[in-house]
Amino acid sequence: MQIRTSTSTSRATTAAFTSRSANKSKHQTQGKTHTNPEYVSIPSSRKWENKHDTSHHTPDEEKEEPVFDVVYSAVDMITPPPSPKSSPQAPAITSASFEANDRILTAKRHGQLKLLMSEYTALQKKGLLSTDHTYNLIFDAYASLRRDGTPLTPMLKMYEEMLRFDIQPSSSTYTILIRTLCKRDVEVQKVIAMLKRQNARSSHAHNKSNNMAELEAEENIQKALAIFDAAISENLVQFFEPELYNQILRVLSHYGDVEKSLHVYNQLVKNTMPTSATYAALINLFGRVGDLASALSYFEKYTQVKESVGPHDASYVYNALVDAHLKCHQLEGALKIVGEMHSDEVKISTIPYNSIIRYYCLENRLDEAKDLIESMKQSSPQPDASSYGPVLSSYCQLGLFKEASSMYDALVQTDISKSYGNLANYALLCLKGDADNEKVIQVVHDMRQAGLEPDALLAERIVTHFAKLGQASQAIAALRSILEAMKARSLSKGLNQIKNAATEVAVAAKGCLEQTLEVARLLAPHCPHGLPLPLAKILVEDYEFDSNHNILHASDYTLLYDAALVIVSDVSSRKSSLASLQHLAFDLYDEMKSKEMTVSAEIKSRVLAYFNRVGDKKYAQKWESLFNVKVEGFATVVINRSASPSLCEAEEASAAVMKAAIQGQLDQALDILRTRIVDAGLMPSVEPLRDAIAFIGKQGHLDTAVAMYRLSIKCFKESSLDSQRMERAIYMMTNSILIGYAQQGDMVDAKKYYEQIKLMGRYPDGNGYASLLLGSAKCATDEATDALIIYDEAKRRDVKPTTFFYNVVISKLAKARKLDAAMKLFEEMQSFKILPNSITYGAIISACVRAGSEPLAHRLFTEMLASPSFQPRVGPFNNMIQFYVRQQPDRERALDYFTELRRRHIKPSAHTYKLLMEAYSLIAPYNMPTAHRMLSDMERCDHIRPQGTHYATLIYSYGTLQRDVQSAERVFEDMEAKNVPKDEVVYQAMLDTLVTNDQLERAEQLYQEMQASIQKSSSPYIENVFIRGYGQKGLLEKAKAMFDAMTDDKIHADDSRTVIREPSTYEAMVRAYMANNKVNEAKGIFELMLEREFPEKVTGLVAELITA
């Protein structure tokens, strides 16, 4: 994937910057209405421009993750005050400008970049961009909200416009721009460094060189210096803080640009006082260029002024000097500086020692590295994981197992929670040559003890290593250790590798039933859809050829039945020499019976289903007779069905089936069908049975629905109905069972019945198609596209649409913000004389709200209130309130809709009160007392008990927006006193609070408490928060482990607690990698995202992070 910027853009921008000071006096004499004759416009080179959707999310929505601070994270940029110097001709700030500024600040607080850019465009049109202060607010908000890794093209365009209209930049303007350009330059240099390392081992060097050239063409530091010079010419550098100078110096030190660094340093000395960070940056600069003498001279200057620069950590300066010596290959000097740190009583950490250890390792002086570690053990600081890690890595690369083992044993005595790479390297070394192969099991144990787990590829290599050596017992032990160490979510991610490994072990154990069974026992709990076919074959074969069956337990027979079913379900296995299921099923049954064991209900139904599926009625009846003595009598009754009793009796019984189904009496409904209709030889009425099957299936009771479906089909097939009426009846039953499976998200079985309907020469009805669409949402990634495909097919087949059908399709389009398509269907619905109901209006208004179309939403809402078919529902009111709370924050308008809801005597819902609380607590100025009062109002006025989501709103406002952790914690703790259960949304808000406020360890502790307290859903938003937090801290192994613990498979997730990745999850992981300049890894995550086939608009936003 190419990383694109524009060479022409960067040159034009630099030209515009450098011409600013040269033309200053000319501009002042020409007046404000003239444009800059030397201004050069910047062509857009962005493939996806201004497509950010950064609205705050609940678990039902996506949100923009806060931007990672890539450069020297210190404090967040505050909103800049008006500069001490601004244009003397600046117009007075009007009330409209004040309101605009407030909206800009609101967009920043809520993390809404899209809203910010919309506000900027609106201000352009209204001519309200007339002061430097408004521009500063926009620059500051954009710098905070921009997507990490994207070029600064939009910000630079805004700055050029500011110059074009001769609005005088202030010191705050220059500060924001320089700071942001420096940050972007660091991003670019990290990416370039990554690409250079890739080039060293890649054959695609040419393409990557192009990428590097494009990145370098951004010339961010050059632009920052041009702005810096403009500030000098306008005498505004006097207002710069020392940290801004230091930031420029740190970036320049990367390039080794001595001349420009001294230029910046001289201005710093002239206008303010250097700090310790100034000298650290200069020492790094001269160390990089090999000028140790100059580095020492600036260290000497530091020692002369260190008492006057204020409180600071001197170790940073000393550490820089140690690094400078090492870069100049002056090891003795580096060691001397470390000694001086002790004598000067400078706080000393492992950092300088670890730098020296890494130097020794790079020079292959491993004995000296070990000696240094030994000396550290005798005093302080004690060596840590970063001390042992480089030495262990070097030994692993050299294949020195004995030495690596010694270093490994020392490493595991420290905190190894961030040392997965070193542990994995050593594990692989253990598998080589004369190494101690079995020690790899200990490594896996150590990982587990440290909260780590082997990745799937490492796990596969460990297990298959023993299997390929024919060491089945060791391979089984390794497999057991691996499965105990890996978490369920990680296993689901790497299940294919684990299955491959287990199959290799089974091959090694072949011929020994006891060992093969042990492999199957270990793997079966992780294979909800059956054992792997090769393993199943080996297991059945070993069973057939091993006469010692005394070792088998009841659960082992279940494994054998499962293996047999897997084999017969595979077409390629049908000519196998193994016994067929027709014989094996009964052999296993007889053996279990002799041991007084019983066949499980699941196996009973699966075996019977197989016999029925292949049309083997003989063995189906034989199998059923083992468990149901009434089968023969039932068959006799069915055969003697020639004389049909009265139609009234059949209709009455059919109606009774439907009534029992609606009342939830499922056993009674099935019993009525069997005894009063089937056993009595009656033919059921089609419509009641159709509706009963669909209703029961939609409720999730598919076993009952299927049983009723099969009984009904059998009745109709053996009835005296003519072929046309019989086919219609069977079609209606099949359509109903399809609806049940589809609405439960079981698209595999739904498709099976869909194909049956097509074989009849028919297609599902409108409700059937709508149900297919609902079901596909549980396993597909682009619901809007699915909606239109299903809609088009239904239309081609002349399927009569229903209100339910239109409601589902419009809802899917609304969710994808496809307003035009939704409106087209809404108008088509009315042209077909299909009256929209309140749900329809709620869906179409939701489409307007999501697309930001306020006038259309208002018109449709008014039309809904006047519609003769309108039934008062709270949903559409919630949609409008939500619009003015989240999309276009306007507390007064939101409360207007709530007043109208009250006037029409419509009872608010719990969600209504959540939105009201958001109106008071998420829209500035915050009104927290009123937000709190909503908790009592909802109970007092509407008898709605406050829920976790209401408290979560307060926690989010306090902790994430207002950065008031103490108040957030008080709300969190108050829930226990109020006896309100803490649900997932509450924990998410509290975890977001802790992560946002740099309390990651506390967040991890709370996450563990949450997992022990509640059953988490499959939504990934909490995990996304952690990925964001780990990325900010550079803890990429933890971020990736969190990502890997999730799954993409919505259908075959292990259980309801399996977390499903969403687009925001991929975005969070890509951001984490890009924040740490791991471009190759970020691309890998993006490729996985593309495999999910998310909408292009969604993937395009993530692509911007990498391709920018």
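1. A crossing is called left-handed if the near helix is turned anticlockwise from the far one by less than a right angle. The model is a predicted one, and in it H51 passes H52 in a crossing of this left-handed kind. The axes of H51 (residues 984-996) and H52 (residues 1000-1013) come within 8 Å and cross at roughly 165°; because angles over 145 degrees count as roughly antiparallel, the two helices H51 and H52 are described as roughly antiparallel to each other.

2. As to which residues form this pairing, H51 contributes Tyr987, Met990, Leu991, Leu994 and Val995, which meet Leu1000, Arg1002, Ala1003, Leu1006, Tyr1007, Met1010 and Ser1013 in H52. Sorted by class, the contact of H51 with H52 has 10 nonpolar, 1 polar and 1 charged residues.

3. Buried in H25 are Leu495, Ile498, Ala501, Ala502, Thr503, Val505, Ala506 and Ala509, and the cover over the buried residues of H25 includes helices H22 (456-468), H23 (472-485), H24 (488-493), H26 (513-523) and H27 (533-545). Following H25 comes Gly511, whose phi is positive, near 100°.

4. Two cis peptide bonds deserve a look in the loops. The bond from Ser380 to Pro381 is cis, with omega near 0°, and Pro381 lies in the loop between H17 (366-377) and H18 (385-398). The bond from Ala924 to Pro925 is likewise cis, with omega near -5°, and Pro925 is found in the loop between H47 (910-921) and H48 (928-942).

5. Asn364 is not a glycine, yet it has a positive phi of about 60°; this residue lies in the loop between H16 (350-362) and H17. Asn1077, also a residue other than glycine, has a positive phi near 55°, and its place is in the loop between H55 (1063-1075) and H56 (1079-1091). Are these asparagines buried or exposed? Asn364 is exposed, with a relative accessible area of 52%, whereas Asn1077 counts as buried at 3% relative accessibility.

6. A further asparagine, Asn220, is placed in helix H9 (residues 220-233) and counts as buried, because its relative accessibility is 3% and buried means under 20%. Leaving aside residues up to four places away in sequence, Asn220 touches Leu152, Leu181, Arg184, Asp185 and Val188.

Methods:
Residues are numbered from 1 along each chain as its sequence is written. This is a predicted model: local features need pLDDT of at least 70, side-chain atom pairs count only at pLDDT 80 or more; totals for chains, interfaces and linings use all residues. Side-chain values use heavy atoms; hydrogens and water are left out. Helices (H or I, at least four residues) and strands (E, at least two) are DSSP runs, numbered from the N terminus. Buried means under 20% relative accessible area, exposed over 50%, partly exposed in between (1.4 Å probe, protein chains only). Contact means heavy atoms within 4.5 Å. Axes are lines fitted to C-alpha atoms, for helices over the stretch in contact, and angles run from 0 to 180 degrees between N-to-C directions. Angles under 35 degrees count as roughly parallel, over 145 as roughly antiparallel, 65 to 115 as roughly perpendicular and the rest as oblique. Ala, Val, Leu, Ile, Met, Phe, Trp, Tyr, Cys and Pro count as nonpolar, Asp, Glu, Lys and Arg as charged, and the others, Gly among them, as polar.
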